[in-house]
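Work through the exercises below with the sequence and coordinates open. Each task is followed by its solution in steps.

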Amino acid sequence: MTFFDDLPEPPARPRQPQPIRPGWFGPPSDELPGIAPGGFVHRGANSVVALKLVEVYSTGCLLDLAWSIRRSDESDQEWRDIQENSFSRPGLPGIMIGVGLADGRKAIAAHPTPSMFEDTDDVSGPVLTHRGGGGGSAGDEQVEGSAQYWLWPLPVEGDTTLVAKWDDLGVPESSMTVSGEQLGNALGHVRRYWSE
């Protein structure tokens, strides 16, 4: 017998059902996504905003973005300002990200998300939300960062325009096309964790 042998069993507790999250909230927690290729949203002499890839789920897609600013002839103080601004949270005053759908609707990540409102049952989309990111780094010659954005619902009817702008870092409004056909193909590779 050891010191811990006579501990009482904890009382049984009822199992709690998995909460149901609306599609606009984020990726399904029980799916392995299909992958669509990325590309350059902006490619300047000293600044890049790139869509690394798109994780496609049955309900929407996760846009994986990265950005990098290369030092040119900035003074030490100007470069420190760029370094400081590069760690701004996405949205105002940091990088602005938006999408334009083929039917003319658009969503901007800096705008309020449905979770900020009381009645979220009738959200029709599109919704674009910042989902966090891989962080960033800064040195004497380059600053870089990354972030992910959830787009709901999945836009497979026509192409989607991904738009970025970052005034403080000298990135003009720039865009790239995300192919609806490629998103649809990636949707065919989504796999559910559990087969019911």
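Two strands pair if DSSP finds at least two bridges between them, and strands (E, at least two residues) are DSSP runs numbered from the N terminus, as are helices (H or I, at least four residues). The model is predicted, so local features need pLDDT of at least 70 and side-chain atom pairs count only at pLDDT 80 or more, while totals for chains, interfaces and linings use all residues. Residues are numbered from 1 along each chain as its sequence is written, and side-chain values use heavy atoms, with hydrogens and water left out.

**Exercise 1. Pairing around β5**

Task: Find how many bridges join β5 to β6 and how many join β5 to β10.

Solution. 
Step 1. β5 pairs with strand β6 (residues 106-108) in the antiparallel sense, over three bridges.
Step 2. The two form a hairpin with five residues between them, and Gly 104 in the turn has a positive phi of about 95 degrees.
Step 3. β5 also runs antiparallel to β10, with five bridges.
Step 4. Gly 98 has a bridge partner in each neighbour: Ile 108 in β6 and Val 163 in β10.
Step 5. Take buried as under 20% relative accessible area, exposed as over 50% and partly exposed as in between (1.4 Å probe, protein chains only). Four of the five residues of β5 (residues 96-100) are buried, so this strand is largely enclosed by the rest of the structure.

**Exercise 2. The cavity and Thr 160**

Task: List the residues that line the largest cavity, and state whether Thr 160 is buried or exposed.

Solution. 
Step 1. On a 1 Å grid over the protein atoms alone, a cavity is a set of points where a 1.4 Å probe fits but cannot get out; a pocket is an open set with protein on both sides within 12 Å along at least five of seven lines; lining residues have an atom within 4 Å of a point. Points are joined across faces, edges and corners, and a volume is the space filled by probe spheres set on them.
Step 2. One cavity of 30 Å³ or more is present, and the largest holds about 40 Å³.
Step 3. Its lining consists of Cys 61, Leu 63, Val 99, Leu 151, Pro 155, Thr 160, Leu 162, Val 178 and Leu 183. β4 (61-70) and β10 (160-166) are the elements that give two or more residues to it.
Step 4. Thr 160 is in β10 and is buried, with a relative accessible area of 3%.
Step 5. With contact meaning heavy atoms within 4.5 Å, and residues up to four places away in sequence not counted, Thr 160 touches several residues, including Val 99, Leu 151, Pro 155 and Val 178.

**Exercise 3. The cores**

Task: Find how many residues the largest nonpolar core has.

Solution. 
Step 1. A nonpolar core is a set of buried Ala, Val, Leu, Ile, Met, Phe, Trp, Tyr and Cys residues joined through side-chain atoms within 4.5 Å.
Step 2. The largest has 33 residues, and those with the most contacts inside it are Leu 51, Leu 63, Ile 97, Leu 128, Tyr 149 and Leu 162.
Step 3. β4 gives the most to this core, with five residues.
Step 4. Apart from it lies another core, of six residues, among them Trp 24, Tyr 57, Trp 150 and Trp 152.
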